[in-house]
Amino acid sequence: MKIALHLGATCTDGDALIWSLLKDRDLLADRGVAIPRPRRFRPQLSQIQSRLRGVSLEPELQEQLIHFIAGDVRPERMILSDDSFLGPPSKILEGNGLYLSAGIRTRALSETFSEHECAFFMAIRNPATLLSQLVTQEAPVSYEDLIGETTMADLSWSDVAKRIIEDNSGVPLTIWCDEDTALLWPAILRAVSGVEVDCKLAGSTDIAAKILNEDGRAALSGWLSAGPAPSNDEYVDFVSDVLDEYALPEALEETVDLPGWTEAEVDQISVAYEQDVARLARMEGVTLLLP
């Protein structure tokens with residue numbers, strides 16, 4: 001069985017991936033893809049992750065877990081998503097670095113399903129906007145407790161990816177930028193579900209629709225319903241044009257509000273993030289989805 005493990009990260013897709021795919025539950029089930037609801041597996045996997053350190057879950061226990069999650073149906077592919085797989089939001093900088101335990105935590109996941117073929121999927125985002133959202137909306141800790149001694153040089157997603165790859169030999173990692181999600185959503189859904197490129201998925205416009213006004217949503221819906229599933233490039237081109245004309249201004253505005261941070265520091269992190277994404281594109285074992 002193939003196990004697609006969506007790692008989040010925090011403050012990116014949340015559960016949007018699962019809810020978009022569930023719109024096509026029957027279509028995907030016909031293709032051997034199971035999408036268990038989060039409450040069905042998250043408590044169990046969290047407990048197992050905390051126990052496994054360097055050893056695999058016994059094969060018979062793996063089968064029991066899969067049966068518990070998927071029920072009597074034996075799928076060819078199972079999708080499990082939790083933006084806390086890499087750790088809770090309040091701990092993402094624990095140890096003064098970005099997801100320093102990413103390797104250990106993901107290894108516990110792959111060890112849970114060592115008898116099967118695992119693949120990791122993860123969204124990333126600009127560390128400046130990520131930390132701003134954590135402080136203002138997500139983490140139940142103060143800015144000082146969250147940041148600790150972390151410096152801008154420690155906020156590297158390529159280092160996170162390196163830890164995941166090194167601790168999970170042979171397990172592929174697919175990454176995309178949260179800032180590109182509206183353009184990439186159909187490609188992301190297909191990559192995670194493993195369906196063919198020309199498969200039309202009902203949740204393809206879920207992200208773009210959130211940032212479009214009514215006219216924009218109508219234009220996008222009409223275009224998609226008029227023909228077969230567009231290619232990734234066709235989707236990106238059309239949605240880019242629609243966003244230029246119909247995007248909700250407030251949906252595109254993203255401010256960074258962090259104590260003591262200057263505009264120059266935010267710009268510096270943003271440039272470093274762009275360079276980090278370029279490094280990810282060159283990393284062996286990583287597939288970077290780009291518009």
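**Note on the predicted model: fold and aromatic contacts**

1. Of the 291 residues in the protein chain, 49% count as buried (under 20% relative accessible area; exposed is over 50% and partly exposed lies in between, with a 1.4 Å probe and protein chains only). This is a predicted model in which local features need pLDDT of at least 70 and side-chain atom pairs count only at pLDDT 80 or more, while totals for chains, interfaces and linings use all residues. Residues are numbered from 1 along each chain as its sequence is written, and side-chain values use heavy atoms, with hydrogens and water left out.

2. The protein chain has 14 helices and 6 strands; these are DSSP runs numbered from the N terminus, helices being H or I of at least four residues and strands E of at least two.

3. The radius of gyration of the protein chain is 19 Å, which agrees with the value near 19 Å for a compact globule of 291 residues (taken over C-alpha atoms; the rule is 2.2 Å times the number of residues to the power 0.38). Along the principal axes, the C-alpha atoms fill a box of roughly 55 × 55 × 35 Å.

4. Among contacts with a separation of 6 or more in the protein chain, 81% are between residues 24 or more positions apart; contact means heavy atoms within 4.5 Å.

5. The accessible surface of the protein chain is about 13900 Å², and 47% of that belongs to carbon and sulfur atoms (Shrake-Rupley method, 1.4 Å probe; for residues, only the protein chains shown count as cover).

6. The structure holds 2 aromatic pairs. Rings of Phe, Tyr and Trp (its six-membered ring) pair if their centres lie within 6.5 Å; planes under 30 degrees apart count as stacked, over 60 as edge-to-face and the rest as tilted. Tyr99 and Trp157 form a tilted pair, 6.0 Å centre to centre with 45 degrees between the planes. Tyr99 lies in the loop between β3 (77-81) and α5 (102-112) and Trp157 in helix α8 (residues 157-167), 58 residues apart. Tyr99 is buried, at 2% relative accessible area, and Trp157 is buried, at 2% relative accessibility.

7. Trp223 and Phe238 form a stacked pair, with 4.1 Å between centres and 10 degrees between planes. This pair links helix α11 (residues 214-225), which holds Trp223, to helix α12 (residues 232-246), which holds Phe238. Trp223 is partly exposed at 28%, and Phe238 is partly exposed at 22%.

8. The charged end of Arg40 sits over the ring of Phe68, 4.6 Å from the ring centre; the criterion is NZ of Lys or CZ of Arg within 6 Å of the ring centre and within 35 degrees of the ring normal.
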